[in-house]
Amino acid sequence: MVIRRRRTWMCALLAMAVGSGCAAGSGQAPVAAGATGNAGASGSAAPVHGREQGAPGSRGSSGAPEREDRKGEPAGEGGEAGSRKDEGGEGRERAGEPAAAAEAHAKRQKKAQAARAAAAKRWGLPQTPLPAPPPPAEKPRLTTRKGFEVDRHTGLPPVFTTVPTKQKVVFLTIDDGAEKDPELLRMMSELRIPYSAFLSDYVVRDDYGYFEKMRDRGVSLHNHTLTHPYLPALPYAKQQAEICGQQARMEQRFGKRPRLFRPPYGSYNRDTLRAAASCGVQAVPLWAAEAFPDHMEWREWDRDLHPGDIILTHFRGKGEWKGSMPDMIRQVMQVVTAKGYAVARLEDYV
């Protein structure tokens with residue numbers, strides 16, 4: 001009897017450890033080596049490492065672990081395979097994602113606009129700046145404005161004053177970098193007004209840090225030559241030194257070579273565009289209107305804004321203007337907002 005009980009006990013241990021059984025005297029049917037205790041005629045299953053067979057993460061009859069999806073749910077219960085069998089469970093979630101994203105975007109916009117309204121009051125704007133619409137999924141194709149071409153312009157960067165778009169947006173650009181008003185940085189950040197800066201090294205070199213702060217706040221910095229000369233009066237080599245020299249300087253100081261270039265005074269010839277193209281410039285945005293602290297000047301005959309117009313202003317202060325840079329922003333935003341336009345980010349369209 002002792003021997004029989006010991007034999008039965010040893011067989012049970014072997015069955016649990018390796019899945020094998022004892023043919024004689026055990027009272028159980030033999031189990032093939034390598035199996036995992038599948039249910040016999042009674043439908044019961046032997047425990048495997050302390051877990052019931054078929055529980056998540058256990059092994060099936062093949063010995064391979066059951067697949068779990070990225071959220072830790074077993075296949076067939078929300079995993080990829082299961083989503084095809086449960087009447088599109090995960091598919092329904094994905095179908096709802098655009099609506100949820102749109103709702104989240106609307107909430108963010110509402111919150112941002114409330115903050116902008118409070119900032120507009122602090123900065124003395126008569127109206128809260130309008131929020132820009134989402135940028136286009138694909139940037140518009142740029143072409144040179146009629147009458148702004150140079151001889152044999154094909155293959156050279158396009159020159160334009162307005163970005164082709166039907167959205168009621170305009171773009172604010174600020175040239176040179178002479179005035180470094182910290183209030184401008186704070187005002188534009190609080191109002192969330194995007195703008196682009198076209199810099200000349202001879203007036204920014206005394207305080208690169210000011211423009212680094214600007215860059216760190218999301219402002220794109222572009223090329224306006226090293227010393228702001230009248231380029232058409234210079235031979236090709238000197239034009240190239242002015243433009244490409246500033247490309248290299250901006251990469252060195254601000255970490256990026258600009259894609260955009262604006263010639264000083266808006267003056268250029270074929271050599272200007274050739275030189276710009278030779279060092280990576282892709283487009284030459286000019287302007288359709290110019291902003292000052294006390295008025296606007298217009299290029300177009302109707303003296304009005306149009307979708308996609310580029311607005312020029314300068315880094316200037318009370319020493320040269322009838323007002324400060326915040327005064328200029330108040331003036332330009334009063335005009336832009338009253339006409340139903342939002343200021344958008346130029347680099348999202350160009």
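**Close-up views of aromatic rings**

**View 1. Arg262 meets Phe198.** The charged end of Arg262 is placed over the Phe198 ring, 4.5 Å from the ring's centre. A charge sits over a ring when NZ of Lys or CZ of Arg is within 6 Å of the ring centre and within 35 degrees of the ring normal. This is a predicted model, in which local features need pLDDT of at least 70, side-chain atom pairs count only at pLDDT 80 or more, and totals for chains, interfaces and linings use all residues. Residues are numbered from 1 along each chain as its sequence is written, and side-chain values use heavy atoms, leaving out hydrogens and water.

**View 2. Arg274 and Tyr236.** Here Arg274 lies over the face of Tyr236, with 4.2 Å to the ring centre.

**View 3. Tyr210 beside Phe211.** Searching the whole structure gives five aromatic pairs (Phe, Tyr or six-membered Trp rings with centres within 6.5 Å; planes under 30 degrees apart are stacked, over 60 edge-to-face, the rest tilted). In one of them, the centres of Tyr210 and Phe211 are 5.0 Å apart and their planes stand at 85°, so this pair is edge-to-face. Both Tyr210 and Phe211 are buried (under 20% relative accessible area with a 1.4 Å probe, counting protein chains only).

**View 4. Phe211 reaches Phe315.** This pair is edge-to-face too, with 5.7 Å from centre to centre and 85° between the planes. It links distant parts of the chain, 104 residues apart: Phe211 belongs to helix H6 (residues 208-216), and Phe315 to the loop between strand E8 (310-314) and helix H9 (325-338). Helices (H or I, at least four residues) and strands (E, at least two) are DSSP runs numbered from the N terminus. Phe315 is buried, as is Phe211.

Conventions
Buried < 20%, exposed > 50% of the residue type's maximum accessible area, 1.4 Å probe, protein only.
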